[in-house]
Protein chains: 4
Amino acid sequence: MDSSFLKEITPQLIKWRRTLHALPELGFMEYITTYRIGKELEKMGFKLYLGKDALDENSRMGLPAKADLEAQEKKARDWGVEESWLDQMRGGNTGLVAVWDTGRNGDHVGFRFDIDALPIKESADPAHRPAKYEFGSKEENVMHSCGHDGHTAIGLGVAQYISSHGDQLKGRFTLLFQPAEEGGRGARAMTDMGWLDDVDYFYSGHIGIKSLPVGTIAATTPGFLASTKYNAYFKGVSSHAGINPELGKNALLAATTAANNLYGIPRHHDGVTRVNVGKLAAGSGRNIIPGDSYMEIEVRGETPEIAQYMAEKATRIIKAAADMHDVSCTIEAVGVTEVVVCDKELIPKITEWCASSELVKEVLPSVPVSGSEDVSFMMNRVQKHGGKATFMLFGTKLDYPHHHPQFDFEEEALLVAVDAYIHILNGGSAI
Amino acid sequence: MDSSFLKEITPQLIKWRRTLHALPELGFMEYITTYRIGKELEKMGFKLYLGKDALDENSRMGLPAKADLEAQEKKARDWGVEESWLDQMRGGNTGLVAVWDTGRNGDHVGFRFDIDALPIKESADPAHRPAKYEFGSKEENVMHSCGHDGHTAIGLGVAQYISSHGDQLKGRFTLLFQPAEEGGRGARAMTDMGWLDDVDYFYSGHIGIKSLPVGTIAATTPGFLASTKYNAYFKGVSSHAGINPELGKNALLAATTAANNLYGIPRHHDGVTRVNVGKLAAGSGRNIIPGDSYMEIEVRGETPEIAQYMAEKATRIIKAAADMHDVSCTIEAVGVTEVVVCDKELIPKITEWCASSELVKEVLPSVPVSGSEDVSFMMNRVQKHGGKATFMLFGTKLDYPHHHPQFDFEEEALLVAVDAYIHILNGGSAI
Amino acid sequence: MDSSFLKEITPQLIKWRRTLHALPELGFMEYITTYRIGKELEKMGFKLYLGKDALDENSRMGLPAKADLEAQEKKARDWGVEESWLDQMRGGNTGLVAVWDTGRNGDHVGFRFDIDALPIKESADPAHRPAKYEFGSKEENVMHSCGHDGHTAIGLGVAQYISSHGDQLKGRFTLLFQPAEEGGRGARAMTDMGWLDDVDYFYSGHIGIKSLPVGTIAATTPGFLASTKYNAYFKGVSSHAGINPELGKNALLAATTAANNLYGIPRHHDGVTRVNVGKLAAGSGRNIIPGDSYMEIEVRGETPEIAQYMAEKATRIIKAAADMHDVSCTIEAVGVTEVVVCDKELIPKITEWCASSELVKEVLPSVPVSGSEDVSFMMNRVQKHGGKATFMLFGTKLDYPHHHPQFDFEEEALLVAVDAYIHILNGGSAI
Amino acid sequence: MDSSFLKEITPQLIKWRRTLHALPELGFMEYITTYRIGKELEKMGFKLYLGKDALDENSRMGLPAKADLEAQEKKARDWGVEESWLDQMRGGNTGLVAVWDTGRNGDHVGFRFDIDALPIKESADPAHRPAKYEFGSKEENVMHSCGHDGHTAIGLGVAQYISSHGDQLKGRFTLLFQPAEEGGRGARAMTDMGWLDDVDYFYSGHIGIKSLPVGTIAATTPGFLASTKYNAYFKGVSSHAGINPELGKNALLAATTAANNLYGIPRHHDGVTRVNVGKLAAGSGRNIIPGDSYMEIEVRGETPEIAQYMAEKATRIIKAAADMHDVSCTIEAVGVTEVVVCDKELIPKITEWCASSELVKEVLPSVPVSGSEDVSFMMNRVQKHGGKATFMLFGTKLDYPHHHPQFDFEEEALLVAVDAYIHILNGGSAI
């Protein structure tokens, strides 16, 4: 294997990651991000399917408001995204698919890299590496605090390898750069385009999750939590809070009562559950009984049955809270992730293939996580057609948890991940 | 008296009101409103004190965010407000004072007209008069739903009378067009400039409040509720809601728990109380434990003691809710209104003066309201220096309460109010 | 008038009060109390109607549990209540009516004295008079902390006067010693027996309420709050809290959510409101998801409309809280009080009649209270048939509020009340 | 082995179980239960250590109220428990230890059987076996709904075997019939007496937990949840809810706010958590602002760290809820259970020993449960001194969960358990 490749690519890998980190974009608004990725892959010689060609518009969930999309499109144009690219992405059709066909018989191997950021204000603490090395987010309240900047950089690294070693590889490679993983909103739309329907091996993964040493990776995870994401809209009647409080129908109290009770959905004996009210906005002015409110929630469960249990409890609570305060309510499902089972036969293979890697020190067979991932849609599709799929972890020490304003990872983890994927590529599909 | 005046001014009065209604502006952002009022008064020949000359910058409370002020200033410039006017108002120094000196000995009479709107989305229901006659708010989420558009029109009507009958009047007239009445934020800043320190008679009033027939007015109200307005900021720690829920410190739950308990502050045996959480915003994204939240609240009491009782209970609840969820919290007082006692000797006078009005059918001595008004600062200042002050009501049938998206009033009430003030002017201070 | 009467009766009055205070009984369980009252009135020569003859069994509301009634009946028997008396009262038919007919033409005058105590543990603080003078409650968790011990003593004092001055009086006197005033449960049952249907003047009253000097009395009150009292029973499903939390249907959470939201029913612009969850019991054991819960609540309003508003909001909240936690619920109305209007023409009369009293220093025309009283049923009945009715207050300094473990009153107030009633009797109905 | 033994004992086993089921007693009040067990063991020839000789009084936790203990002692005396036995148990010193020494060298084997019931009202549904066969609880609100009646019967069955086969066995046997397992209150008190300090093998177990077929048993469980149990007492100030609501300090609202927030303690990524408010009692009367309230809660965690996390969150919430409503609060720890690790080397042994049992069809190595058990104290003590310990499960189909009013088990499970223990006895310690 070509051990000089990693050495060469290291500065590039870190540059990609930091550049992406400094300009984070929320789900379905990754116009600049997609453009940047696309221009790199274009140079490498991949065949690209952009935006509306990469995903099924109608399968997207939880699309941002039109005004937000347009503002971001304007920003992208001002930044320099070409008009033809923008046309292809307009209206929240971000992300792209890159295909490389060696022309030689061999497996079809798929990879998923997620590219979106989160609505978190990044820490400016000098102890926070991005602040210290001046690649912190330039966007007011958006941040790559789940490592997708790293995932994207890893994807570009793998692409670079394929491009520069294409003559030594066989089969086909499909790289999905997926928008809107946060909230479980984008994977289904890519999956529904059929990219994965004849894939033999499918790999995806995550930096961190558990705090593990750099060099330690996990070949599989025992599975994700199935999850459902809801928006709830409460509609009451506003009124003057001093003069006619009794004429109001208080949508704020409906939402706060729902929130407090949602967190109290009973734990389930049969497995892990989660519930979160991630966002609540109610009312318009101080002396007005709030006539409107809005909540973003998600529930998760370790099995489809538990996920269903959580979803039923949650909708019951929301509806009753509305009824309690005599307001109406609409509940909208805006995201779903499925449970998934990694193919266990990949464990010894990955372990064997990575044995010769200098960077991968240890391959753990399986490390549990309690997150949810819409890559579940992709993995389930691959497996349904007879392919094998796994979701790996790439170790890094974590000083702060994912989604924290000071989340960061050790950039050496990028190299480990790229090297692991290269060994897998060679082991699994190359000569 | 000049009975043809009202006939002449009627179309103008309604036009003023509708024009103002269609372009509502929130407190301390009434750039266009102030400009419009000023240009009219300029034409009438009043001496004007604009913005920074009209109020004490440092006595303003609850100023909007800098970005919001700047956005509104830009909008005002685009709309056509002259740069010199804007300079005088920049940074939330809206409102103006208009003075007319007859040059003849006589009383100094003061009037207060409030000019701000509310953050409410106006109804587009065709049964709603502004929608039907196409003068509904053109601003997305701002609305004159407390009648201040009418108050401003009344003020202009009174000014027009003074201007056109100046030679028949004696003494001096000071008209305060006050910003930011909602939230009790603007009156003190005008009062602190000393405009009222030698005023002999001071009048202000409100359209509606109680649903009374057009033509019925109240000479006084028994008083307002004292009130305090707070913003509360909760600061916790965000975390991934699936992977590390236990690492989050949930600022949303602190706010919702506070809200639910605030409404339960015990009633007080000694008089009326009010409490409202008018706005609550928490969290940033669905799968993030909310690290930040924010609430706008107000508490009111019929006496200073009850108002104090409410304020103490409210701050205790907010602090304990923060402590319960291990988050920090900052409570900021952003508005205050005082209790006030209307001068009862004005009741027989107003009744007598208005007896000859064709439009004023009935003068009720006193009608109770349970609102709060920062005109209390002005009235208390006038009375402290020996002047007499009252707050009147001008009847209109009300189909919807104040602060409702369909709030509206009968425009005949504008004429009644102007005519009542004219009779008071003539009775009280003119020859 | 016989001024020596009061002097003579003073020690007896205080003894009655203290004896009653030391042995308080809850509503519909006043077996010993009724017996004591009856034995005194028997000695005085009144015609008595006891228990089942005094009230309509079926009109009672909020009867205690059968087991509690039986336990109290046993206690009464052990204490020495005669079996024939017990038979007449068994099953919660306490209270009695005492009638005196002078045989001479004249008005029919009615009085109501309430006799029940409250479920409060009396303070043993040595600064608390009953503790200091050793007449504190001997019952563990029952206490006369609303002054009904005093009311009963006043009733006996008035009866003693009628008995000893019967030859100087004219007309008829009906004294109702009413059970179960607390909770508004007993008055209707007495009223329904028709005792008041031809009463010309009806008097009742309360010690304290406002802290007024001894010697100050109020001739009327502007009215009571109408009130409704509910019991709510939530029925869920218990389950092991560790092993199968998800199988429980949590009746405790239904009740606590209801309670927190009940206190937040919006204030009403048109008058006073009250809400209280006076009792809540839920669950059976620590590691069991609570399958049952129970709440005692009451709501009040200054007008029938406001009372209705409060009742509707309360039942909506309770039902929705049950629904939220998937438990069933039963709401039972267990007590009602009405609004009432005292006859204003009694104000000058009472003032005049009491002018010659040495003990009554001042008669206030009307003092507002924000309590509820089921004497409202009696007053409304009297007025419906053309009689005049009022509810008076008898001043005492109050160091602690009513229903407080240290509630107490100045015993001089008893003398004032008896003297006021004697003057009213003589002024209003005697020669 | 003596296969006729089981046949003979079957009717007795079922009779024991049903007799115990019909007369359930709560923790530390098992006076009749202990007496019944003791009389049986006495007949069998065991050396008995009763009550105060069996446990360390001062190590008991969560003792019932004195009045409840005395009432139950009176009931036991009336029922026929001998005075000398009662003396030995008075004051909540129930339970006993039975020792059998074969006089031959061999292992010291310990067993724990828990004997207490739960405060649940048993179902009278004819589909519920105890109701159908008329051995349902005769106590109003107490029920064996966790199978401890079965555990006790199993213990007697094992004892009968030891007694009748004593000449074939070697070593010593110590059988602990433990009071107050529910709430984790009794095990430590027995452990502290040193009964287990030289035990070589220690067995305990549970009927049911998971719904498994009769005949299936589990040799170990992966562990219990560590738990802490608290009582919280809130002390506020009562007041008249109509007249002076503002003078009350509402202990009910403190408790309900705490309860609603306790259920919302965030889930923990690292393992199972549980929280329950099993009991809440607040207030005394409907029209009194509640001055007192009381809660029984428990929190659990899969690891000591998680249990500690839950305990810290819970106490924080309770204290803040008290502070929010300006009431004081006392938190008392009344029960604790530990985590435990079953000795895995017992798995192959138990599997082997039970292979010859006709009743044991399948031995599962390990079945997870999410309950807590204070047998953890005993197991940890045995292991600390070098012994081996396990906690087994005995399968039965479960139609209703543990702690449900219709909980029941298949009585064949009793036979399986006795047979399993007999095989273990013979395999592990007999010749």
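1. Two residues are counted as in contact if their C-beta atoms, placed from the backbone, lie within 7 Å. On that basis, 54 residues of chain D meet 55 residues of chain C.

2. The model is predicted, and local features need pLDDT of at least 70, side-chain atom pairs count only at pLDDT 80 or more, and totals for chains, interfaces and linings use all residues. Residues are numbered from 1 along each chain as its sequence is written, while chains are lettered from A in the order in which they are written.

3. On the side of chain D that touches chain C, at least two residues come from each of β8 (239-240), α8 (251-262), β9 (273-282), β10 (288-289) and β11 (292-301). Helices (H or I, at least four residues) and strands (E, at least two) are DSSP runs, numbered from the N terminus. The most is given by β9(D), with eight residues. By class, this side holds 24 nonpolar, 22 polar and eight charged residues; Ala, Val, Leu, Ile, Met, Phe, Trp, Tyr, Cys and Pro count as nonpolar, Asp, Glu, Lys and Arg as charged, and the others, Gly among them, as polar.

4. Strand β9 (residues 273-282) of chain C pairs with β9(D) in the antiparallel sense over three bridges, where pairing requires that DSSP find at least two bridges between the strands. C:L280 has D:A282 in β9(D) as its bridge partner.
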